[in-house]
Amino acid sequence: MKKKVLMALSYVAVAAAAVALTLLFTAKPAHYTKLEELADLLAERFVDGVDRKKMEDAAADAMVNALGDRWSYYIPADEYSAYVEQKNNAYVGIGVTIKAHELGYHIEQVAEGGPAETAGILAGDVIVAVDGTRIAGMDMDEGKKLVQGKSGTTVEITVSRGGEEKTFTVKRGTVKTKVATAVMLPGNIGLVAIKNFNTNCAKETIAAIESLLEQGATSLIFDVRFNGGGYANEMNKVLDYLLPEGQLFKTVDYTGKESVTKSDAKCLEMPMTVLVNESSYSAAEFFAAALREYEWATVVGVQTSGKGYFQVVYELSDGSAVGVSIGKYVTPKGVSLEGVGITPDIPVEVTTEQAAAIYAGTLDPMEDPQILAAIAALKGE
């Protein structure tokens, strides 16, 4: 009986201690939020300890995702500089675009004139080692850190090409993304490929157009496939150059404030087509929509993504940032593209292999089904 009494008293003591600890932990100031409370609880009680920064990043990302908006996003502090570089169309690196591969990283694109191209690396190569470290199965972020470094330093890149391995010494440097390229096609048709609508887009795109006009172009094809969008002011400058007087871009922000951008009377009047695909986002699909609504161009390709919100990026106190959808925009005729996108006037599918080659810039324009369809449309066929 004595043993049972002692056991009962011990249970009471443990329960009382637990209640005391609970009361002690929950007795917090009124301004103390649930997230702060949870973070402190985990930091204090989790048996293996916690990484507060990692936990805060995960919480911030979850908060943004909880908005249910596919366009708002969180940028950790260690990724923000790369984000800014991308928006500026200039970054320090070797100048390749990669994706995961069973052997390492498949090189999708090689920047023209960049360090990798200068060293002899080609699109289609597979990076299998960096400075002698094999990267098969390695996390992409971890692998990128091996490749990245200060401008002027070198890195040994081993690639697999045609079943053989080759090692190249690459000197890291500032890589400027060429935003717009111009190619003259048969029949005096000018092809202008626009990579994005970020910094320098308008300047380079207009220069590309004018170079084609000087070569005798009598019609134009604009390629905004795989164009992820960018700054509205860069897009508006290009549209203003092309289109006659009228409304271009209308926005309504979170306060209800409306803003309208208009084009002047000066324009470029000639037959035009625009190429789009499922990876044409935001400013890219708006660009195509505006040209079509003015009856300035025919749209060729596949359905676009459907984005109708615009974001502003706010830097946070720890160097991280958040891109928040603060408003909506509509086409010149007042149509929202959100969740809808653009249905091409001339639908043309491509194979997976062709799409990969188009993205890499390795497909001959005269073997590209969508470009051939655009040419036929310009010829009235």
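Visitor: How many salt bridges does the count come to?
Guide: The count comes to 10 salt bridges. This is a predicted model.

Visitor: What makes K53 and D57 a salt bridge?
Guide: Their side chains meet at 3.1 Å, N to O. The cut-off is 4 Å between a side-chain nitrogen of Lys or Arg and a carboxyl oxygen of Asp or Glu. The pair has the lysine and the aspartate, and 3.1 Å is within 4 Å, so the name applies.

Visitor: Where do these two partners sit?
Guide: K53 and D57 both lie in helix α3, residues 52–65. They are 4 residues apart, about one turn of the helix.

Visitor: Why is D57 called buried?
Guide: The relative accessibility of D57 is 14%. Buried means under 20%, so D57 qualifies.

Visitor: And what is K53 called, buried or partly exposed?
Guide: K53 has a relative accessible area of 43%. That falls between the 20% and 50% limits, so K53 is partly exposed.

Visitor: How do you know that R70 and E338 form a salt bridge?
Guide: Their closest N and O atoms are 3.9 Å apart. The limit is 4 Å, so the pair counts.

Visitor: What does the R70–E338 pair tie together?
Guide: R70 lies in the loop between α3 and β1 (73–75). E338 lies in the loop between β18 (321–330) and β19 (346–347). The pair therefore ties together parts that are 268 residues apart in sequence. E338 itself is partly exposed, at 23% relative accessible area.

Visitor: What makes E258 and K250 another such pair?
Guide: Their side chains meet at 3.6 Å, N to O. That is within 4 Å, so the pair is a salt bridge. K250 has a relative accessible area of 24%, which makes K250 partly exposed.

Visitor: Which residues are linked in a network of salt bridges?
Guide: D223, R225 and D368 are linked in that way.

Visitor: Which helices supply at least two residues each to the negative patch?
Guide: They are α4 (77–87) and α6 (140–147). E79 lies in α4.

Visitor: What makes the phi of D131 stand out?
Guide: Its phi is positive, about 50°, although D131 is not a glycine. Most residues other than glycine have a negative phi. D131 is found in the loop between β5 (126–130) and β6 (133–134). At 46% relative accessible area, D131 is partly exposed.

Visitor: What is the phi of N188?
Guide: It is positive too, about 55°, and N188 is not a glycine. N188 lies in the loop between β10 (180–185) and β11 (189–194). Its 39% relative accessibility makes N188 partly exposed.

Visitor: Why is A208 called buried?
Guide: A208 has 6% relative accessibility, under the 20% cut-off, so A208 is buried. A208 is found in helix α7, residues 201–214.

Visitor: How many helices and strands are there in the protein chain?
Guide: There are 11 helices and 19 strands.

Visitor: How do you know whether the chain is spread out or a compact globule?
Guide: The globule rule gives 21 Å for 381 residues. The radius of gyration is 27 Å, well over that, so the chain is more spread out than a compact globule. The C-alpha atoms fill a box of roughly 105 × 60 × 35 Å along the principal axes.

Visitor: What share of the residues counts as buried?
Guide: Of the 381 residues, 40% count as buried.

Definitions and conventions. Residues numbered from 1 in each chain as written. Predicted model: local features only at pLDDT ≥ 70, side-chain atom pairs only at ≥ 80, totals over all residues. Heavy atoms only, no water. Rg over C-alpha atoms; globule rule 2.2 N^0.38 Å. Buried < 20%, exposed > 50% of the residue type's maximum accessible area, 1.4 Å probe, protein only.
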